[in-house]
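Here's a quick walk through the model on your screen. Keep the viewer open and click along as each residue comes up.

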Amino acid sequence: MLECKTDDKEILQKFCDFLDIRQNRITSGHHGKSVCLSLSLSNFSNTDFNSYSLIKNKSQKELFVNSIILSNDELFYSFLKGLFDGDGTVHTCRQSIGISICGTSKQLFEDIKEKIQQTLPTPTSCWIVKRELSNRLPLYTFKIGAGVKRNNLKFLFDKFYSNEYIVLKIGR
């Protein structure tokens, strides 16, 4: 199920259009505060999701980056964008401009760091930080700094958004 606030219904409508699914499958919930689209694996019968490591609650279960994703730059940056969209933060403080992604797997972030340093303009501007939280698994943060003249952020923006075919309207 994909769910978002009612104001963002356009996201689900465009997703339906992209997949050629009826928009009337979008339903309202939480007393009109959200909308959702429920799908089953049968909606994607021609796709082998397991080969791309698409799993439920990925943020909590993903332990490493699948070799198919690591071997393909386009898949890798789509994967990274998905992680960022789900668990990412944009840092705008002048002393630490960049982006970061949080998760529970150090190996996942080591895989990402090794791969991204092969293409990032300023590869030394990325690191992994471990935070210990009481009575919980350790939490890791993978941070990518802005780089020289913000070249890392420009590079990532281009990788994340240059091939977008579905674009949301600006403003409401």
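## Ground rules

A residue is called buried when its relative accessible area is under 20%, exposed when it is over 50%, and partly exposed in between (1.4 Å probe, protein chains only). Accessible areas themselves come from the Shrake-Rupley method with a 1.4 Å probe, and for residues only the protein chains shown count as cover.

This is a predicted model, so local features need pLDDT of at least 70 and side-chain atom pairs count only at pLDDT 80 or more, while totals for chains, interfaces and linings use all residues. Residues are numbered from 1 along each chain as its sequence is written, and side-chain values use heavy atoms, with hydrogens and water left out.

## The overall layout

Start with the big picture: the chain has 6 helices and 7 strands. Helices (H or I, at least four residues) and strands (E, at least two) are DSSP runs, numbered from the N terminus. Read in that direction, the order is β-α-β-β-α-α-α-β-β-α-β-β-α.

Of the 172 residues in the chain, 31% are buried. Now for contacts, meaning heavy atoms within 4.5 Å. If you take those between residues at least 6 apart in sequence, 55% join residues at least 24 apart.

## A buried threonine

Next, click on Thr141, which sits in strand 7 (residues 139-145). Is Thr141 buried or exposed? Thr141 counts as buried because its relative accessibility is 13%.

Which residues is Thr141 in contact with, leaving aside neighbours within four places in sequence? The list is Ser100, Ile101, Cys102, Phe109, Trp127, Ile128, Val129 and Arg131.

## Salt bridges

The structure holds 4 salt bridges, where a salt bridge is a side-chain nitrogen of Lys or Arg within 4 Å of a carboxyl oxygen of Asp or Glu. One of them joins the side chains of Lys14 and Glu10, at 3.8 Å from N to O. These two are about one helical turn apart, because they are 4 residues apart in helix 1 (residues 9-19). Lys14 is partly exposed, at 24% relative accessible area, whereas Glu10 is buried, at 12%.

Lys106 is partly exposed at 41% relative accessibility, and Glu110 is partly exposed at 32%. Another salt bridge links Glu132 and Lys130, at 3.0 Å from N to O. Here Glu132 is exposed, with a relative accessible area of 55%, and Lys130 is partly exposed, with 46%.

## A positive patch

Now look at the surface around Arg94, Lys149, Arg150 and Lys154, which gather in a patch of positive charge. Patches are made of residues with over 30% relative accessible area and no salt bridge, with like charges joined within 9 Å and nonpolar side chains (Val, Leu, Ile, Met, Phe, Trp, Tyr) within 5 Å. Lys and Arg count as positive and Asp and Glu as negative, while His and the chain ends are not counted. The place of a charge is taken as NZ of Lys, CZ of Arg, CG of Asp or CD of Glu.

Arg94 is in the loop between strand 4 (88-91) and strand 5 (98-103), and counts as exposed at 73% relative accessibility. Lys149 is found in the loop between strand 7 and helix 6 (151-161), and is exposed, with a relative accessible area of 73%. Arg150 is in the loop between strand 7 and helix 6 too, but is partly exposed, at 43%.

Most residues other than glycine have a negative phi. Lys149, though, has a positive phi, near 50 degrees, and Arg150 has a positive phi near 60 degrees.

Finish at Pro121, in the loop between helix 5 and strand 6 (126-131). Pro121 is partly exposed, with a relative accessible area of 38%. Not counting residues up to four places away in sequence, Pro121 touches Asn151, Asn152 and Phe155. From Pro121 to Ala146 the C-alpha to C-alpha distance is 10.0 Å, with the two 25 residues apart in sequence.
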